[in-house]
Amino acid sequence: MSFLMLFVLVPLLTVIAILFSKNIRQTRWIAALGMSLQLILSAVLVVMYLQIRAAGIADDFVMVKNLSWFPSLNFNLTLGVDGISVSLIALTSIVIFAGVFASWQMESLHREFFISLIVLASGVFGFFITIDLFAMFVFYELAVIPMYLLIGIWGTGPKEYSAMKLTLMLMAGSALIIVGLLGIYFHSAPEGGQLTMNLLEISRYKIPENVQNFLFPFLFVGFGILGALFPLHTWSPDGHASAPTAVSMLHAGVLMKLGSYGVFRIALFLLPQAAHNQGALFLILATIGIVYGALGAIMQKDLKYINAYSSVSHCALILFGLLMFNRSAIDGAILQMISHGIMTALFFALIGMIYGRTHTRMIHEMGGLLKVMPLLGAAYIIGGLASLGLPGFSGFVAEMLVFFGAFSHADTFHRIATVLAASSIVITAVYILRVVGIFLMGPIKDEHHRHLTDATWWEKLSVGTLLLFITLIGMFPSFVTETLIGNSLAPALERLMSNF
Amino acid sequence: MTYSLLSIMRQELGLIVITLLVLFLDLFVRETNKQKVYIITLILFGIHTLAGFFPFEGGTLFGGMFHTTPMHILMKNVLNIGVFLVLLMSASWLIMPRISDKRNEFLMILLTTLSGMYFMISAGDFLMFYIGLEIASIPMAVLAAFEKFKSRSEEAGIKFLLNSALSTGFLLFGLSLFYAAGGTLYFDDFSHSISQPSPLVALALTFLLSGLAFKLSLVPFHFWTADVYEGSPMVVTSYFSVISKGSVAFVLGILLFKVFPAFIGLWQFVIYALAIATMLIGNLFALRQKNIKRFLAFSSIAQAGFILLGLLQTDTFGITVIIYFVLIYILSNLAAFGVAQAISVATGKENIEDYNGLYKTNPSLSLIMMLALFSLSGIPPVAGFFSKFFLFTAAAKAGYYRLVFIAVVNTTIALYYYLLVVKAMFINPNPNPLPPIRSDNYLRSALFITVVGIFLAGILSPVFEYMQAIVDKF
């Protein structure tokens, strides 16, 4: 029994407990309890991880435990984490914790809602704690499917369309991933050797270059769909806009990172040569994604769509950073995963709360809300400032690192890409400030809005948690970039750099 | 000899004894006690199913015409599980007026077809194989036309009979050509007597595969499927779609892997092309279906296409995966049919739009249906994911990455129409959903078994490992 197993077992037990709950009070308290426990567990995990590293153990993955699953095929449930997955686990538990409190008043079919939400989260946790490709894929798929129900049943607007679009596009992504994984599996060992799905063992064997070239697009695009790779990001704005609050938070905050993590951990780590050969193409797509997402956000009038397009832009920046193949950019990209995860969760939480009061998300129908709900308004402004990369917040450090790393490539191609991508900083500032100006500042447009209430205690808790971590990471970015993930970048970098 | 006959053919003999017992009991018991015959059959068949799991080495009879090995027994066990579930599910339908007076005939015919499948699987010779196939398929026409007071059921019976006759013609012609080419009907001799594929063998193989493709309703031999499935009573449809199909898939596997491995160059591409056509056409037609039976019919055509992925390379992994896939498919499809059956018996509704808002009134039926559909489309953590993934693994092992890709894209298409049903049950608003349905205990226990199976047969690897161990010994 490994400590890491708890990250899947606790959600599972929470789900079972919710099955027996009698009313909404019990349901939400069980969910809150389970997810608080999860938050504590991930804090413990961070401490344990730091202790292991402090003890001088320099393995690529620590706490590795091999649980046999399908021995005849050598598919195992191999647990193991490194700094990157530890920080993403922490991110997930923060977001789901906040998500549970953000959906405190989910009245209709509350049991089913919390069960689907927590199953979704357990898929994400499972993905991050395993290092066996088969097990990772099982958890990955597990995370994709409850989305359909969550958006379809509890969503708003064209929810059926969005839910179907999202599910099918992500499943098409899995289609690509399956081919990639099986390709890796059947080339994971020299002729006649024991085939394996274990990341570590595969990484010791050099997959032939022509095979890498064949498989790389499958894996990159497959995970890229979830990571909002242009032009396959179109599920994201619709899906995020239609989803209920907690789901948007979890999806934009964590699930999209699953895509980027998959790109990093599987496509880039296992197929480094192909990454070099084909990186340029995907870099172009990522650059387009950054600018396109930001421009898209300017054009939108619905708060959720604005934030969804902004997520597309920010997630494309993660891919952009990963494709730079150098330490500072990848460091920045991973920090961006964490920082954007919390930031966008905060936005979606706030939008959900504001929508719950005003019953509109159209920015032009609102105005002066800062006067009515100072707390939520202020939190939105802080989130906005973090999002546009104001120093002192997490977004700034991440973007700095990415662009610094990107600009250290001396060739024209990378320079142009970097300049274009960096222009998104300006565009981001435009859409954030525009939105804040229109709906938070100015006169109150709708007389009904005058009597709205500010945040309740659970909303304060949800928003407060997220704000706390945004500020913490902004203040101590080196805790993430150096202490947590510092050691873990080396193996991937080594493989990616060795080709130069 | 007598002793070995008893021991080697014990499953066949057991089944025949049960079948005859039903026949005799039905003759002698009074009208009021007819329901007891059903219960006795159910119990006996349950024991028969369990007894199949006792380890047994098998053997050969009649100079090689009939042979059985642990692998064959495993296949029969998988079919037994399915038939047992079908029997459980048929209880509520068998007591309906105009059916109840001939309910024991139903049991007898059903078990007879199963015995045909046994012989077909255990055949060591084309003649035995052919006899088994016919025993399995002719009574099925009777089953299809069982509700003969409904014109659609009659039509289904005739359609099945005619198509079945046609396909048998093809098959028999193929077999006779094999005899011409090899001078023998015995499987063992056959693989020795011809080592090089000749045009005659290619022709024979074409006819044989077309015949089997009819039975397995592979595109382009699938035209009978939807009409027959729609017209037949729900129980019979479920029997067609899982047991009949599963047994033919097994036989196809045995023939290709054990009898024709030398001609892999001839049939590999055929299987490849059939797989793509079947998955694609099955899925595309399923998209537009309004009737739940037709819907499941086309979905089962598509599933048959997936089965072919396991047949591309002659190794034990392929055959294990097929057996495993068929088991999971039996469980999932029967769960879906069970729910449809419960609704159809209680309300007579068989259209997908009647399912709108079902979750409000029948949460457990809706959940079972959802699980079954997720399993059919291959979503974890339910078993369907594992069986599909292993099929893809088998195809990838043979080097067919493009085929794997096409297949997975097809699962995405399939997911769309499976989700339409989920959407109907959970999302679509309906002011007048179907009333709460309380099905009888037989159906409920059948659904319970399928749900447990759907959950556990995948995640718990011993199921798959057990099959792999048995097939490896073969």
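**Chain A, chain B and a helix pair**

In chain A, 79% of the contacts between residues at least 6 apart in sequence join residues at least 24 apart. A contact here means C-beta atoms, placed from the backbone, within 7 Å.

A word on the source. This is a predicted model: local features need pLDDT of at least 70, side-chain atom pairs count only at pLDDT 80 or more, and totals for chains, interfaces and linings use all residues. Residues are numbered from 1 along each chain as its sequence is written, while chains are lettered from A and ligands numbered from 1 in the order in which they are written.

Next, the interface. Chain B puts in 25 residues, and chain A 25 residues. On the side of chain B that touches chain A, H18(B) gives the most, with eleven residues. Helices are DSSP runs of H or I, at least four residues, numbered from the N terminus. That side of chain B has 18 nonpolar, four polar and three charged residues. Nonpolar means Ala, Val, Leu, Ile, Met, Phe, Trp, Tyr, Cys and Pro; charged means Asp, Glu, Lys and Arg; the others, Gly among them, are polar.

Now H18(B) again, with a partner. Helix H12 (residues 264-286) of chain B packs on H18(B) at about 15°, axes 9 Å apart. Axes are lines fitted to C-alpha atoms over the stretch in contact, and angles run from 0 to 180 degrees between N-to-C directions. So H12(B) is roughly parallel to H18(B), a term for angles under 35 degrees. Which classes of residue make the contact of H12(B) with H18(B)? Twelve are nonpolar, two polar and none charged. Among those in H12(B) are Tyr272(B) and Met279(B). H18(B) includes Leu403(B) and Tyr417(B).

Technical notes: Two residues are in contact if their C-beta atoms, placed from the backbone, lie within 7 Å. Helices (H or I, at least four residues) and strands (E, at least two) are DSSP runs, numbered from the N terminus. Angles under 35 degrees count as roughly parallel, over 145 as roughly antiparallel, 65 to 115 as roughly perpendicular and the rest as oblique.
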